[in-house]
Amino acid sequence: MFKDATTQDIDNALQLAWKAFHIYRQCTLKQRAGFMRAIAKEIERLGDELLNVTGEETNLPEARLRNERARTIYQLTSYADACEKGDWLEVRIDTALPEKAPPKPDIRKMLVPLGPVIVFGAANFPFAYSTAGGDTATAFAAGCPVIIKAHPAHARTSE
């Protein structure tokens, strides 16, 4: 039986996510990509058991769930591929020009993770827009841990 989280449960989740952030953001792009691919493999490994649970909870047809599961696995693996490449980091290096008046300093920038992300599960897409979909995948790629607010219509699926 699932129950609503208490304020203390939410505070604990937020504190744990903040601790996880300081570890996860240090992971290499390759490690983050490996993590996302491992999630995709686990979703695939769950096989029909996951589809049966989701079907019981949502009453969505099996063919729709199979397609959505495949889409979710694709989202995770394609974001893993993009994460590993690192193009999205927008790394910029503007080298110094000390002879210029006034001198131009050396400026370096790139996108960095800012902290945990909360994803709210969608009722009509139990995989692709809920626990493991694009929002979660992009947060993981960026180096952010994720807290999922599962949709009550498919709590077992989200678990």
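Residues are numbered from 1 along each chain as its sequence is written. Because the model is predicted, local features need pLDDT of at least 70 and side-chain atom pairs count only at pLDDT 80 or more, while totals for chains, interfaces and linings use all residues.

**Stop 1: the largest pocket**

Select Lys-3, Ala-5, Ile-148, Lys-149 and Ala-150, which lie nearest the centre of the largest pocket among its 19 lining residues. A pocket here is an open set of points on a 1 Å grid over the protein atoms alone, where a 1.4 Å probe fits, with protein on both sides within 12 Å along at least five of seven lines; lining residues have an atom within 4 Å of a point. The volume is about 660 Å³, taken as the space filled by probe spheres set on the points, which are joined across faces, edges and corners.

Next, select helix 1 (7–24), which gives the largest share of this lining, four residues. Strand 3 (117–120), strand 4 (146–149) and helix 6 (155–158) each supply at least two. Helices (H or I, at least four residues) and strands (E, at least two) are DSSP runs, numbered from the N terminus.

**Stop 2: the second largest pocket**

Move to the second largest pocket, which holds about 500 Å³ of space. Select Thr-131, Ala-132, Thr-157, Ser-158 and Glu-159, the closest to its centre of the 19 residues that line it.

Then select helix 2, which gives the most to this lining, with seven residues. Other elements that each supply at least two residues include helix 4 (127–131) and helix 5 (134–142).

Conventions
Heavy atoms only, no water.
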